[in-house]
Every structure is written in C-alpha cells, then in structure tokens.
Amino acid sequence: MSEVYTVTVDPLGTEVQCRADQPILDACLRAGVWLPHACTHGTCGTCKAEVTDGEVDFGEASSFALMDFEREEGKALLCCAMPRSDVTIEGDVELEQGITMHPVSDYTGTVVELSDCATDTRRLLLDLDREMAFNPGQYVSLEVPGTGQTRTYSMANVPAEPGRVELHIRRTPGGLATDNWIFKTLEVGDEIRLSGPYGRFFFRPARPEPMLMIAGGTGQAPITSIIRHALAEAEQRITLYAGGRTTEHLYNVALFRELQQRYPDRFHYRPCLSEQRAEGYAAGRVTDVLDAELDTCTGHVAYVCGPPPMVDATLKTLMRKRLFPRDIYREDFFDARDKATGGLRSPLLKR
Ligand SMILES: Cc1cc2nc3c(=O)[nH]c(=O)nc-3n(C[C@H](O)[C@H](O)[C@H](O)COP(=O)(O)OP(=O)(O)OC[C@H]3O[C@@H](n4cnc5c(N)ncnc54)[C@H](O)[C@@H]3O)c2cc1C
Ligand code: FES
C-alpha cells in the first residue's frame, strides 16, 4: 500500500489526500478540486503549478513542457508530479460562469459496438457500469490492458446519454492502444477500465456569440458532443467546418446533414476535403475554406479540435481574422511522439 500525503491547494487552502504513486492532479480532480489541465500526459504544460512547500517526484513530465530551470524554480506538471512529502501547491483554480465541474471517477465500460466509420477510424460504444456526469467536449482515459498505460479519447455522446460513452478513434500505425489493441484484438463484449471526465475543452453556455466549430479527423468527437448538446439545450448559431482527406476519411456526414435540415436557422455544415473534389463538399483544408469564406471572425467564439498541426494552423487563421485567444477554445490530440519531441507548440497561445 502506497504512502498517503496531504496536498494543500492554495489559495483555497483545501486539503486533498494523495498517494505517493498518484499524480497530484488526479487526486485533486477525484476530490472535486478543479485545476486547469488539458492532455493529462505531461505534454501541453497546462497544469504547470508552483510547489511552494514539500517535495515531489516530477514523474514523466516532458522536458519540453517543463524545462530544467522551471523544475529548479519549484514548478511541476501536476498531471505527472507525485508527492514525496506533504506538499503545498499554488493552484490556478478556475471557476467559470455557468459551468459545473464533475469529479473524476473510475468506471468499467462494456463494448457494445465497434465499427469502422471511415478509413482507419473506428466508432467505439461502451455501456458504463454507472452514469458519468460530464460537460460536452470532455474526454475519458482508457487503460490499455496489460501495459500499465492509459490513452485519452474524447466523448462524442452528450450529457443526456450519461450511461454510454461514444468514442471516435483513429488508427496510429504501430500505436500501442490503436494498432495493437482497438484495431486488433478488442471485441464486442470486452470490458474496459476507464476514468473521467477530464479536460477543459467544453461548451461554454454563458457565451451567446455564434459558434465556429472546426474539426480535423477524429477531432469531430468532442465537437459532435458540443453541437448535439448546444442544439438541444442552448440557442447559439453554429457553423461546423469538418475536414478529412477524401469522402472515405470523413464520417458523421449524414448526421450533420440531418441536423442542418432540422435546424436550418441555427446550424450550418461545411464538410471539407483536402485531397478530393466532390459535390456537396468544399475543396481544401478546413483552414483554407475558412479563410476563403469568412472576411472576419470578430464576434464569434471558436472551438477547434484535431491533430496539433491542424489546430495550430487554424489558430493562426482565426487570429488573422481578428479572433482573440480568449474567444478560442482548443483541444490538441497530442500523442506520445508529441510528448517525446515537444510536438508543435503554438507560439501564439501558451496553453
Ligand atoms: C485530450 C486528448 C484527447 C484525445 N482524443 C482523441 C480522440 O477522440 N480520438 C483519437 O483518435 N485520438 C485522440 N487523442 C489521441 C490519443 O490519446 C492517442 O494519443 C492516439 O490514439 C495514439 O495512441 P496509440 O497508443 O495508438 O499510439 P502511441 O503508441 O502512443 O504512439 C503514437 C505515436 O508516437 C510515436 N511514439 C511512441 N513513443 C515514442 C517516443 N518515445 N518517441 C517518439 N515517438 C514515439 C509512435 O511511433 C506513434 O507514431 C486524444 C489525445 C488527447 C491529448
Ligand atoms: S495537463 Fe499536464 S501537461 Fe498537459
């Protein structure tokens, strides 16, 4: 049994119990103490905080996200750092208007559907052993059996479907979770251990501005959740730019066309193909189509999700079109390569 230490989260002064083998962020999120985080794998730097008292093991923090001089200054990535004594941290406690954050917990999911929905892309449906409350856009962390490792996938289901998790998963050649498990041995009926909900890429109901949704590949997963939820529960107008290489790579086209018919005054769908011309699709990458179709993005709120280079290119386009960082919410699908190499970290937005 691992030693347990007390983590004091300033400025709240809240005390959380944390095992010596448990990341401090994990202990806080499970105790309902919300701290900013995005990747939960030591890559993005969003969870960086100052340890003002006590000792931590820095864990598997990327040396790009946490530089040596920052470690010496007493900073740590809370998603990786584990306590070696009682510690005090200076938490950037975020509370946003109209948002309830839900504590992280463990679940068991049973695979009820595993289907190919596009080239190298699978839709995975899990029935949970109990309901999970979450904000649309958040993600879960799956335990990859027999490896001691976890991988994160965004939920495409809506909070009104709390007993079922829908994931859209892209195959990474040679990937531990995808190529070697989800696309290889995983079957309907298998049980998966998972935890959630995580992340700060979620719908902001208090923002009345029209929403620009921009998704690349399986970046459609959280975007699907946000759009379905917002159309049912809110009033904002929504435009979706969703990109894939060809019609074989783009999925959910029928779903979004149906939503466009059902909500003609609120939802506009622009499927974009970067390597094929086809009727009903815009030609080009999402950023090119966005660039060509919008004179300015002023007055909008944008939600961007997908591979880091696509997110980065989109941010540059949005900012050139006069949208400011405070109006842009992003989720980068960082992977192990990004962690090892520093990925493609935008100089425009630090986190
Ligand atoms: C917040 C978040 C949400 C996400 N949501 C989704 C989602 O909804 N859908 C989705 O498809 N993906 C999503 N991802 C990505 C997902 O978590 C995985 O990273 C992805 O599926 C690859 O996992 P893998 O185990 O198959 O590949 P990995 O085994 O992790 O390998 C990934 C790549 O890294 C390379 N690599 C591995 N180790 C190293 C190393 N030490 N040095 C250099 N290169 C290395 C591999 O060769 C490979 O190219 C999300 C990521 C984040 C951070
Ligand atoms: S959330 Fe800790 S580095 Fe990304």
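A residue counts as near a molecule or strand if one of its heavy atoms lies within 4 Å of it. This is a predicted model, in which local features need pLDDT of at least 70 and side-chain atom pairs count only at pLDDT 80 or more, while totals for chains, interfaces and linings use all residues. Residues are numbered from 1 along each chain as its sequence is written, chains are lettered from A and ligands numbered from 1 in the order in which they are written, and side-chain values use heavy atoms, with hydrogens and water left out.

**View 1. Surroundings of ligand 1.** Of the 23 residues around ligand 1, those that come nearest are Arg151, Thr152, Tyr153, Ala177 and Thr178. Polar contacts are pairs of N or O atoms within 3.5 Å; within protein, one atom must be able to donate a hydrogen and the other to accept it, and residues adjacent in sequence count only if both atoms are side-chain atoms. A polar side-chain atom of Arg151 is 2.7 Å from an oxygen atom of ligand 1. The side chain of Tyr153 places an N or O atom 2.7 Å from an oxygen atom of ligand 1. From Ala177 the contact is made by a backbone N or O atom, 2.8 Å from an oxygen atom of ligand 1.

View 2. The domain assignment, which is automatic or from a database, gives domain 1 (4-90), domain 2 (105-198) and domain 3 (211-341). In the contact (heavy atoms within 4.5 Å), domain 2 takes part with 19 residues and domain 3 with 16 residues. The centres of these two domains, taken over C-alpha atoms, are 22 Å apart. About 1400 Å² is buried between domain 2 and domain 3, and carbon and sulfur atoms give 56% of this area. Buried area is the accessible area (1.4 Å probe) that two parts lose on being put together, summed over both.

View 3. A salt bridge is a side-chain nitrogen of Lys or Arg within 4 Å of a carboxyl oxygen of Asp or Glu. One salt bridge is counted between domain 2 and domain 3, and five residue pairs are in polar contact there (both at pLDDT 80 or more). On the side of domain 2 that touches domain 3, β8 (105-118), β9 (121-128) and β12 (164-170) each supply at least two residues. Strand β12 gives the most, with three residues. Helices (H or I, at least four residues) and strands (E, at least two) are DSSP runs, numbered from the N terminus.

**View 4. Salt bridge between Lys48 and Glu70.** The side chains of Lys48 and Glu70 form a salt bridge at 2.9 Å, N to O. Lys48 belongs to strand β3 (residues 48-53) and Glu70 to helix α2 (residues 68-72), so the pair ties together parts that are 22 residues apart in sequence. The structure holds 24 salt bridges.

View 5. The Asp10 to Pro11 peptide bond is cis, with omega near 5 degrees, and Pro11 sits in the loop between β1 (4-10) and β2 (14-19). The Gly196 to Pro197 peptide bond is cis, with omega near 0 degrees; Pro197 is in strand β13 (residues 191-198). Asp120, in the loop between β8 and β9, has phi near 55 degrees, a positive value in a residue other than glycine.
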